[in-house]
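Student: I am new to this structure. Please pick a single part, look at it closely, and then show me how the rest of the chain is laid out around that part.

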Amino acid sequence: MSRVAKIDENIYCPICGKHEHQVKLGKNKSGSQKYYCNDCKRYYTPVPKQHEYPEETRELAIEMLFSGSSGRQVNHTLGFNKANVYNWIKNEIINQQSAEKPLEDFWDF
Ligand SMILES: [Zn+2]
């Protein structure tokens with residue numbers, strides 16, 4: 001029985017962009033998974049996914065908050081994780097210095 005080794009993650013070579021022939025090589029010092037591309041013969045460590053929202057989405061959320069939506073409404077509409085969105089909106093509002101009312105008013109959960 002012959003089975004082609006399957007890569008369990010969506011790994012693409014950052015150099016040639018291929019998904020096939022990517023070999024898992026163990027971890028580097030900081031614990032990230034290393035890979036080897038059999039096509040272009042290069043080693044690489046995939047960039048970990050950022051748990052960030054696209055800038056347009058963030059701007060939209062800020063806009064919604066400033067136009068009177070509650071944090072819960074924003075989360076619901078944009079599908080945010082409330083802890084994440086709370087942290088960066090807090091930062092954004094502090095940065096913008098333009099909140100007309102305390103942030104606490106936005107959060108009723
Ligand atoms: Zn490659």
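Tutor: Start with helix α1, residues 55-66. Helix α1 has twelve residues. From its first C-alpha to its last, α1 reaches 16 Å. That is close to the 16 Å expected at 1.5 Å a residue. Keep in mind that this is a predicted model.

Now look at what follows α1. Gly68 comes after the helix, and its phi is positive, near 110 degrees. Then there is helix α2, residues 71-78.

How do α1 and α2 sit against each other? In general, two packed helices are described by the angle between their axes and the distance between the axes. Here the axes of α1 and α2 come within 9 Å. They cross at roughly 145 degrees. The crossing is right-handed. On the α1 side, the contact is made by Thr57, Leu60, Ala61, Met64 and Leu65. On the α2 side, Gln73, Val74, Thr77 and Leu78 take part. Sort these residues by class. Six are nonpolar, three are polar and none is charged.

An α-helix has 3.6 residues a turn, so residues three or four places apart point the same way.

Take one more residue of α1. Glu63 has its place in this helix. Is Glu63 buried or exposed? Count the other C-beta atoms within 10 Å of its own: there are 11. A residue with 12 or fewer is exposed, so Glu63 is exposed. Glu63 and Val74 are eleven residues apart along the chain. Their C-alpha atoms are separated by 9.7 Å.

The protein has three helices and three strands. Along the sequence, the pattern is β-β-β-α-α-α. Buried residues make up 10% of the 109 residues. Consider also the contacts with a separation of 6 or more: 32% of them join residues 24 or more positions apart.

Now go to the strands. In general, strands of a sheet pair through backbone hydrogen bonds, either parallel or antiparallel. In this model, three strands form an open sheet in the order β1-β2-β3, and the pairing is antiparallel. Strands β1 (22-27) and β3 (42-44) stand at the edges. Each has a single partner strand, so one side of each is left without a neighbour in the sheet. Neighbouring strands are turned by 25 degrees against each other on average, direction ignored.

Follow the bridges. Four join β1 to β2. Gln22 has Cys37 in β2 as its bridge partner. Lys24 stands opposite Tyr35 in β2. Three bridges join β2 (residues 33-37) to β3.

Then the turns. The hairpin of β1 and β2 has five residues between the strands. In that hairpin, Gly31 takes a positive phi near 90 degrees. The hairpin of β2 and β3 has four residues between its strands. Lys41 lies in that turn, and its phi is positive, about 55 degrees.

As a rule, most residues other than glycine have a negative phi. Lys41 has a positive value in a residue other than glycine. Its place is the loop between β2 and β3. With 9 other C-beta atoms within 10 Å, Lys41 is exposed.

Where else does a residue other than glycine show a positive phi? His21 does, with a phi near 65 degrees. His21 sits in the segment before β1. It has 14 C-beta neighbours inside 10 Å, so His21 counts as partly exposed.

Finish back at α1. Its contact with α2 holds no charged residues. Glu63 of α1 is exposed.

Note on methods. Residues are numbered from 1 along each chain as its sequence is written. This is a predicted model: local features need pLDDT of at least 70, side-chain atom pairs count only at pLDDT 80 or more; totals for chains, interfaces and linings use all residues. Two strands pair if DSSP finds at least two bridges between them. Helices (H or I, at least four residues) and strands (E, at least two) are DSSP runs, numbered from the N terminus. Axes are lines fitted to C-alpha atoms, for helices over the stretch in contact, and angles run from 0 to 180 degrees between N-to-C directions. The expected span of a helix is 1.5 Å times one less than its number of residues. A crossing is left-handed if the near helix is turned anticlockwise from the far one by less than a right angle, and right-handed if clockwise. Two residues are in contact if their C-beta atoms, placed from the backbone, lie within 7 Å. Ala, Val, Leu, Ile, Met, Phe, Trp, Tyr, Cys and Pro count as nonpolar, Asp, Glu, Lys and Arg as charged, and the others, Gly among them, as polar. A residue is buried if 20 or more other C-beta atoms lie within 10 Å of its own, exposed if 12 or fewer, and partly exposed in between; C-beta atoms are placed from the backbone.
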